[in-house]
Amino acid sequence: MSESSSLAVREQFATADQQRETATVGMWVFLVTEVMFFGGLFMSHIVYRLLHTAAFDRGSADMNILLGSINTAVLISSSFTMALAVHASQEGKWRRLAGFLFATMLIGLAFLGIKFTEYYQHYQDHKVPGFWFESSGADPGAFQMFFVFYFAMTGLHAIHMMIGIGVLAVLLFRSGLERFTSAYHNPVVIAGLYWHFVDIVWVFLFAIFYLPGLHL
């Protein structure tokens, strides 16, 4: 067994294939738990929206559809660069891998920058739930509840994004050390699964928070 192979295969695994399959299954199990976690929040949002449709539509109308749309395009672009990073790792092209990982990180940071710009706008408009929340329309409690869901769910998504960027930073460092080859690149593949999941979650968040208020 070569030195690179011995480094790649941990002692608890008999073969590299067994290690790769175990890691992949483990990531899918983790993603299933994430689906259940976010799924509970989505279902709660649906229930409240059905009970207070007008107030939730009014909250959606206060969203910045331009920034939300730009962020959606930004995150879809990051999925593309992440897919290219996975492809580069499979071909053993570590320089190209490092470039695409770095590009994905930059795009992710751009997403967070736009998202926190939106948060600051909501803060200026007194739409952050709490003591300084202001509402002059009907059903102010439900209107505030819309923003509770908004900040909780998009905030959790932002935390997942920051974790993903941290993971990519580690992979970027390791790719600079030429640790990944065409025979050993599973950490990049697994990180790609996580990144694509986070991107998909945002598409649903965009759909429930930004789109319903467009008709108002």
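1. Helices here are DSSP runs of at least four residues, numbered from the N terminus. The model is predicted. On that numbering, Y210 sits in the segment after α7 (186-209).

2. Is Y210 buried or exposed? Its relative accessibility is 1%. The cut-off for buried is under 20%, so Y210 counts as buried.

3. What surrounds Y210? Leaving out residues up to four places away in sequence, it touches S60, M63, N64, I65, G68, K115, E118, Y150, W202 and L205. For a sense of distance, take A152, 58 residues from Y210 along the chain. The C-alpha atoms of Y210 and A152 are 15 Å apart.

4. K115 also pairs with E118 in a salt bridge. The closest N and O atoms are 3.1 Å apart. Both residues belong to helix α5, three residues apart, which means about one helical turn separates them. K115 is buried at 1% relative accessibility. E118 is buried too, with a relative accessible area of 1%.

5. Helix α5 covers residues 94-124 and contains E118. Beyond its neighbours within four places in sequence, E118 contacts N64, L67, G68, N71, Y150 and Y210. Y210 in turn lists N64, G68 and Y150 among its contacts.

6. How many salt bridges are there? The count comes to three. Side chains of opposite charge can pair when their charged atoms come close. Besides K115 with E118, D57 pairs with R49, with closest N and O atoms 2.4 Å apart. E91 pairs with K93, at 3.2 Å between the closest N and O atoms.

7. D57 is buried, with a relative accessible area of 10%. E91 is partly exposed at 37% relative accessibility. K93 is likewise partly exposed, at 37%.

8. Now the nonpolar core. The largest one holds 52 residues. Which of them touch the most other members? They are M82, F147, Y150, L168 and F209. At least two residues of this core come from each of α2 (16-51), α3 (53-61), α4 (65-90), α5, α6 (140-176) and α7.

9. Not counting residues up to four places away in sequence, M82 touches L101, T104, L168, V188, A191, G192, W195 and H196. L168, in that list, is also among the core residues named for touching the most other members.

Notes:
Residues are numbered from 1 along each chain as its sequence is written. This is a predicted model: local features need pLDDT of at least 70, side-chain atom pairs count only at pLDDT 80 or more; totals for chains, interfaces and linings use all residues. Side-chain values use heavy atoms; hydrogens and water are left out. Buried means under 20% relative accessible area, exposed over 50%, partly exposed in between (1.4 Å probe, protein chains only). Contact means heavy atoms within 4.5 Å. A nonpolar core is a set of buried Ala, Val, Leu, Ile, Met, Phe, Trp, Tyr and Cys residues joined through side-chain atoms within 4.5 Å. A salt bridge is a side-chain nitrogen of Lys or Arg within 4 Å of a carboxyl oxygen of Asp or Glu.
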